[in-house]
Amino acid sequence: MDEARNELFGHIHRCGVMQATREQQEEWMKDTIQFLGERHPGLAERELKELATIGMRFCSPVIANADAASASEAPAQQETAAA
């Protein structure tokens, strides 16, 4: 399971799927989990579902909008500094 998880994270980084739309991520994840199931036949269906869940969470980090939030706060900080 650990090896398959690490492989999944590596695929996510290499393929750039984090910048894809949610629908594209879901399709990519479905195909990738199928591939991982073939590469790691000892994984149970439950484990493959767990990998898909972990992978989708990894593709949508909580702090993904941190840059946008920082950019929107910058004008407010500038106004406060000017006052």
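View 1. A disulfide here requires two cysteine sulfur atoms within 2.5 Å. The structure holds 0 disulfides. Cys-59 is buried, at 3% relative accessible area. Cys-15 is partly exposed, at 48%. Buried means under 20% relative accessible area, exposed over 50%, and partly exposed in between (1.4 Å probe, protein chains only).

This is a predicted model: local features need pLDDT of at least 70, side-chain atom pairs count only at pLDDT 80 or more, and totals for chains, interfaces and linings use all residues. Residues are numbered from 1 along each chain as its sequence is written, and side-chain values use heavy atoms, without hydrogens or water.

**View 2. Helix α2 spans residues 22–39.** Helices are DSSP runs (H or I, at least four residues), numbered from the N terminus. Gln-25, Trp-28, Met-29, Thr-32, Ile-33 and Leu-36 are buried in α2. Down the helix axis, the buried residues fall within an arc of 140°, so they line one face. The arc is taken over directions from the axis to the C-beta atoms. Exposed Glu-23, Lys-30 and Glu-38 sit on the face turned away from the buried side.

**View 3. Trp-28 and its contacts.** Neighbours within four places in sequence aside, Trp-28 is in contact with Leu-8, His-11, Ile-12, Cys-15 and Val-17. Contact means heavy atoms within 4.5 Å. The buried residues of α2 pack against α1 (2–15) and α3 (45–59).

Notes. Helix = DSSP H or I, 4+ residues; strand = E, 2+ residues; numbered from the N terminus. Expected span 1.5 Å × (residues − 1).
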